[in-house]
Every structure is written in structure tokens, then in C-alpha cells.
Amino acid sequence: MQRSRINEIIEEADSFIRSFGYVLPPFAYFSPDEMKARRAEIGGIIDARLGWDVTDYGQGKFDELGLFLFTVRNGRAADLGTGRGMLYAEKAMISRKDQISPMHRHVVKAEDIINRGGGKLVLELYMSDADGNVDENAEVVVPTDGILRRMKAGSRLSLDPGESVTLLPGVWHAFWGEGGDVFIGEVSTVNDDLTDNIFREPIGRFSTIEEDVAPTHLLVSDYDRFLG
């Protein structure tokens, strides 16, 4: 993706999120130069990989296959083993109309996916077989706002604004907006986008960026390169 397009997507996303009364934390608006100058005091942001994330999954067609994300808070994976500490994470996401986030599952993360507003959020769901692959036959069982839903493999679950679904590790899911762009909330156990996303197809989690202009704000995938 071109950096100029990423800058545009960030600006559009911030406006869309604000339209629902949700305001991102102050560090969202740090410039790259400010992050460099304050590197010593923002280690918690960098280490937890909080911040902006725009991905086309390395396929170069964001409008069709992509997702906007902002990680608001995130604990430490090391604490999961002890059961003590900050064991949770929160993201704000936008799935645009008919823009697919491809079929994937998580090994560790359990997550609530919440339609915060906009169009319908549609999820295609499968369970895992004994080897962790998509099970084309197993019944899908997921809680939706405390009510257990049972569906055939590959069923599409449609969530209106205010509705949510809980996805436990191993539940395969793809999702997209229907009828309009969707503001999505994600509340989960600790998030690790470097190792805990298993895709059905061989695609990448992050975008390859063409630096045609300077970044307005750094993406989480920029931190190592720009900040060390």
C-alpha cells in the first residue's frame, strides 16, 4: 500500500469512529517526530504494540480485502500463564462495506466482536477439526450476548449494531460489513498479531508499504523500523 493511502485511511477512520462518540486516546495523535522524541517514556505503547494498524493482508487490494484497526490497550502474553496481571486487550476496528477480513483463527486469543454502529457485521464461521484445520461438517456453537447459537458449518451470522459474538480459540471466522461500513469493538484476552493469527490461505497479516510520502502517524508495524 502507498503511505499516502494509509494516511487517508487513518484520517477517514478517525472521523468515522468519532461519529459514534468514541474518541481515541491522546497517543493516537502523536506524530512520528514526537514519538521519537518521547521514545524513553512511551515504551509501554511500543512494547504492547498499541496504535494504528491498516492492513491489506499483503494482497494490494484494500477495498476488497482489508481491515482498519487501532489497539487501544493490551496486556502481556507472559501474564497469561500465571493468570495474574493485565490479561485483556481492546481494539477499535472498521470493516468497510463488502470488505473482507479473510478466514482465520487464533490459537490463544478469545474475543468478543461487537458491532458498535453502522451497517450489519456478517461473520462466516467454522469450527476446527482435530488438526486445527477448518471443519466443513462440525456444528458451529458460539455465544451471542449470552445466548448460545448453534449453526451449520459455514453459516453466516449477522450482527446488528449493539450485538456481539464471543469467539473462542479455534473458531474460524471471516467477516465484512453489509449495507454500510461498520464500527467494530473487540474485547479480548492479550493480543499478539505477530504469532496468533492462523489464516486459511497463505497470506500475510501486515501490509507492504510504499513510502511515497511521509507518515502522518506510525503504524504498529512501523515501530521497529522507525523507533528501534
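Predicted model: local features only at pLDDT ≥ 70, side-chain atom pairs only at ≥ 80, totals over all residues.
Several strands contribute to the lining of the largest cavity, with β2, β3, β4 (101-105), β5 (111-128) and β11 (172-189) each supplying at least two residues. The largest share of that lining, three residues, comes from β11. Sorted by class, the lining of the largest cavity comprises seven nonpolar, five polar and six charged residues.

## The second largest cavity

The second largest cavity holds about 50 Å³ of space, and its lining is made up of F27, A28, F30, M35, L50, G51, W52, F70, H217, L218 and Y223. In this lining, nine residues are nonpolar and two are polar, while no charged residue takes part.

In soluble globular proteins, nonpolar side chains tend to be buried together. The largest nonpolar core in this model has 30 residues, and M35, W52, V54, F68, F70 and Y223 are those with the most contacts inside it. Two or more residues of this core come from each of α1 (3-18), α3 (43-48), β1 (51-55), β2 (67-74), β3 (88-95) and α5 (223-227), and α1 gives the largest share, five residues. Among the residues of this core, M35, W52, F70 and Y223 also belong to the lining of the second largest cavity.

Which residues does F68 touch, leaving aside those up to four places away in sequence? The contacts of F68 are with I9, A13, I17, W52, D53, V54, A92, M93 and I94. Another core, of 21 residues, lies apart from the largest one and includes Y57, L123, L157 and F199.

## The largest pocket

The largest pocket has a volume of about 240 Å³. It is lined by 15 residues, of which D47, A48, R49, N74 and N191 are the closest to its centre. Both α3 and β2 supply at least two residues each to the lining of this pocket, and by class the lining residues divide into five nonpolar, four polar and six charged.

Definitions and conventions: Residues numbered from 1 in each chain as written. Heavy atoms only, no water. Core = buried A, V, L, I, M, F, W, Y, C linked by side-chain atoms within 4.5 Å. Buried < 20%, exposed > 50% of the residue type's maximum accessible area, 1.4 Å probe, protein only. Helix = DSSP H or I, 4+ residues; strand = E, 2+ residues; numbered from the N terminus. Contact = heavy atoms within 4.5 Å. 1 Å grid on protein atoms, 1.4 Å probe; cavity = no way out; pocket = protein on both sides within 12 Å on 5 of 7 lines; lining within 4 Å. Points joined across faces, edges and corners; volume = space filled by probe spheres on them. Nonpolar A, V, L, I, M, F, W, Y, C, P; charged D, E, K, R; others polar.
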